[in-house]
Every structure is written in structure tokens, then in C-alpha cells.
Amino acid sequence: MKILLLCGSPRRNGNTEIMANAFAETAKECGHEVCPVYASMVKPNPCLACGYCRSHDGECIQQDDMQSVYPILDQADMVVFASPVYYFNLSAQIKIFLDRFYAKGGVGFHPTQAALLLDSHSPEVFSGAIQAYKDTLSYLKWEDKGIVTIDGMSEKGSMAKDLRLEQVRELARSL
């Protein structure tokens, strides 16, 4: 299976990236092809809501970093969203990726599955992000393959020592 992994943290080598990398490594060990995209290195612009894509076979008018993501999306069987939760929802970076998926909405998507990896300092802050994810999957008619939430990430790099990182690896093994 080909997996597009969108890491929506603006911070390099932080907890979300550690979680995303653990997923990618384990999925690769299980024979999957994983194509990670890091928001800390790729900077797509927000959607312009111009409608150009609807009259141009899903091609976005913006010639920005999202142009490197669209070909991966077009071939992926699954999309994994990895996001920090700063204030009760998906990161702004993940939201920009999702908004830019709009360009492909008129022509259809190849992926049929998704998973969600969330981390935060605080417990009980994940429900908004999970609901946004579930609503997106419902609309796209994609199958949810799993959700992992890990709280208590108070220091950069805390994730590397957290035993709950095994949940992320288990999700990758379950595919």
C-alpha cells in the first residue's frame, strides 16, 4: 500500500514528527511505501477559493509547494494525518493541506483510507480534531483505519521516551 503521511507540525524534530516517523518506519518494515510530507519543510499557501481547479480538471492555479504533494496524493491508497493539538483542533498546517485537497474534489481521490495521529500537552483536548477528521472521512467516504492520541507532551522530544509510542507502531502494523 502507498501511504501519504502528512506531518502537520511546524516544528522540526518535535513530538509530532517523532510520532510520524515511528509510524513511517514501522509501516515500511511491514512492506508499505510511505511518502512523508513535513509541514516544517513544505509551505503550501491557503486555498484561494477561486474555483480554477473546478474548470481545469483538478489543477490548482497556485504554483507553490503543494505541487509536490498532489502527485503523491494522486497515487496514495491511504493518507495519515499527524498533528499536534495546540488549541482543541488540527494544526493550521494540516488544515491548509486539507483545504488544498479541494482542488482534487471535483475529479476524485485515489485514497480510500486514512488514519490520525494526535499529540498534545494537555489531556481531553482531542475531541475537536477527531470530529474534524471523522467529518472529513465521512464526506470523502474514506475508511478510518485508526486514531492514536498521546497527551503529556510537555517538552520537545518527550515522545521519543514515551511508552505509548508503541500504539503508533501497532497502528502501522495493523494495516
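**Exercise 1.** Determine what covers the buried residues of helix α6, and state which residues of α6 are buried.

*Solution.* The cover of the buried residues of α6 includes α1 (15-29), β4 (113-119) and β5 (143-150). Helices (H or I, at least four residues) and strands (E, at least two) are DSSP runs, numbered from the N terminus. The model is predicted: local features need pLDDT of at least 70, side-chain atom pairs count only at pLDDT 80 or more, and totals for chains, interfaces and linings use all residues. Residues are numbered from 1 along each chain as its sequence is written, and side-chain values use heavy atoms, with hydrogens and water left out.

Next, consider α6 itself, which spans residues 165-173. Its buried residues are Leu165, Val168, Leu171 and Ala172. They lie on the same side of α6 because they cover an arc of only 110 degrees around the axis. Buried means under 20% relative accessible area, exposed over 50%, and partly exposed in between (1.4 Å probe, protein chains only). The arc is that of the directions from the helix axis to the C-beta atoms.

**Exercise 2.** Characterise the largest pocket by its volume and its lining.

*Solution.* The volume of the largest pocket is about 230 Å³. Among its lining residues are Arg54, Lys95, Asp99, Phe101 and Tyr139. Helices α3 (92-100), α4 (102-105) and α5 (127-140) each supply at least two residues of this lining. By class, the lining residues of the largest pocket are 6 nonpolar, 2 polar and 3 charged.

**Exercise 3.** State how many cavities of 30 Å³ or more the structure holds, and describe the lining of the second largest cavity.

*Solution.* There are 2 cavities of 30 Å³ or more. The largest cavity holds about 90 Å³ of space, and Cys47, Ala49, Cys50, Cys53 and Cys60 lie nearest its centre. The second largest cavity holds about 40 Å³. Its lining consists of Phe81, Leu90, Leu98, Leu116, Tyr133, Thr136 and Leu137. Helix α5 gives the largest share of that lining, 3 residues.

How values were computed
Contact = heavy atoms within 4.5 Å. 1 Å grid on protein atoms, 1.4 Å probe; cavity = no way out; pocket = protein on both sides within 12 Å on 5 of 7 lines; lining within 4 Å. Points joined across faces, edges and corners; volume = space filled by probe spheres on them. Nonpolar A, V, L, I, M, F, W, Y, C, P; charged D, E, K, R; others polar.
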